[in-house]
Amino acid sequence: MKPADPGTPAASSWWRLPAGIWALGFVSLLMDVSSEMIHALLPVYLVVGLGATALTVGIIEGIAEATAAMTKVFSGALSDRIGRRKELAALGYGLAAITKPVFPLAPTVGWLVAARFIDRVGKGIRGAPRDALVADIAPPELRGAAFGLRQSLDTAGAFLGPLIAIALMWMFAENFAAVFWMAVIPALASVALILFVVHEPARPEDVRKVANPLSRRKLADLGAIYWWVVAVAAVFTLARFSEAFLILRAEGAGLTLVFVPLVLVVLNIAYALSAYPVGALSDSMNRTSLLFAGLVLLVAADLVLAFAPGLWGVMAGVVLWGLHMGFTQGIFAALVADFAPPELRGTAYGMFNLVTGVALLAASVIAGFLWDAVGPQWTFLAGAFFALLTAAGLMPLDRNRASRPR
């Protein structure tokens, strides 16, 4: 494939991306439609419908995401060992799909915790192999664009899901279970798409086979700069706790139950519109500069959410939160591919997600504790503090950007 022209506008690279990147993007879109139809309503259902506290919400969300992160380590390493990504990714999407019916059937908080846990195991199984598959398919000169496109399509599903949830909540007279049942349909469509449309490229002859990707020597082979990326991402993750707290903040500001999913709609529109252009732009400029811009946006979001009065102020903070995600999530994924050896990409994404998943558990528990103990304002101020701590960690990445492997 012809290398990217540095003078080409970032938005023009979409047509040069391989078909497999688009297919994986639509797989993510459909599963996110399903997941967000549930996730947009779950925090309020837990608090209003089942009487859970904000701390409970934080613990549930943190455990769910940490479970996914820990599972990614083993699925990523297994994909490196067997030299195949698609089968593990399809298994993860399939497991998530077959657990969707648990949500409308759950009579207690315990059942919902179990449902989220199993669903996130599916996410964990598919996550690292899928990201490694994106890196395998995408040409190096379009890596940022590839991850940005997949993230944008994934996030498009994340705002379509809440929109559909709003319509169904109106149609079914705020019947949570009926909406949860409808979420099963796009989940099954996602599984069909990855099984029959996505094709994995042959393993290159020059990529070494790895017998034990999780051995101490192989983890050391990932390199110091890779591990620095992981450390920076972990501190950064402490600043970006679960979006469930954005939903609770909007509900506390007066948003009615039927319109609660609008929080994720607004957030994910901002996320989807920014992720691809930023990812494509990172292919022709310094990725760490864009990460720094994302940090600035997160601090601004936290300050607005902490101090802005009224529902419009909260929604402005939600927009800034979505933009910060568009400036950071795809770029972190591209940086992992930049610095990890090709034969260890699955393991690299798995370890990255393990560390950041544990950090997300801590972030969500801290956020829930602060919310209950001293109020929402301090939750967002703590997030801003951790975002500022992250900025200093970007400098070594900036110094080593020229040495990244292609």
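1. A crossing of two helices is left-handed if the near helix is turned anticlockwise from the far one by less than a right angle, and right-handed if clockwise. Helix 4 passes helix 6 in a left-handed crossing. Helices here are DSSP runs (H or I, at least four residues), numbered from the N terminus.

2. On the basis of this note: the model is predicted, local features need pLDDT of at least 70, side-chain atom pairs count only at pLDDT 80 or more, and totals for chains, interfaces and linings use all residues. Residues are numbered from 1 along each chain as its sequence is written, and side-chain values use heavy atoms, with hydrogens and water left out.

3. Contact residues. Contact means heavy atoms within 4.5 Å. Helix 4 contributes residues including Leu88, Leu91, Tyr93 and Leu95; among those they meet in helix 6 are Ile118, Val121, Ile125 and Leu133. By class, this contact has 11 nonpolar, 3 polar and 4 charged residues (nonpolar: Ala, Val, Leu, Ile, Met, Phe, Trp, Tyr, Cys and Pro; charged: Asp, Glu, Lys and Arg; polar: the others, Gly among them).

4. Salt bridges. The structure holds 13, each a side-chain nitrogen of Lys or Arg within 4 Å of a carboxyl oxygen of Asp or Glu. Asp80, Arg85, Asp136 and Arg345 are linked in a network of them.

5. A buried pair. Lys100 bridges to Asp119, with the closest N and O atoms 2.9 Å apart. The pair links distant parts of the chain: Lys100 sits in the loop between helix 4 and helix 5 (102-105), Asp119 in helix 6, 19 residues apart. Lys100 counts as buried at 1% relative accessibility; Asp119 is buried, also at 1%. Buried means under 20% relative accessible area, exposed over 50%, partly exposed in between (1.4 Å probe, protein chains only).

6. Two further pairs. Glu87 bridges to Arg84, with the closest N and O atoms 3.0 Å apart. Glu87 is partly exposed at 45%, and Arg84 is partly exposed at 32%. Arg217 meets Asp221 at 4.0 Å, N to O. Both lie in helix 10 (residues 216-221), 4 residues apart, about one turn of the helix. Arg217 is exposed at 56%, whereas Asp221 is partly exposed at 35%.

Notes
Helices (H or I, at least four residues) and strands (E, at least two) are DSSP runs, numbered from the N terminus.
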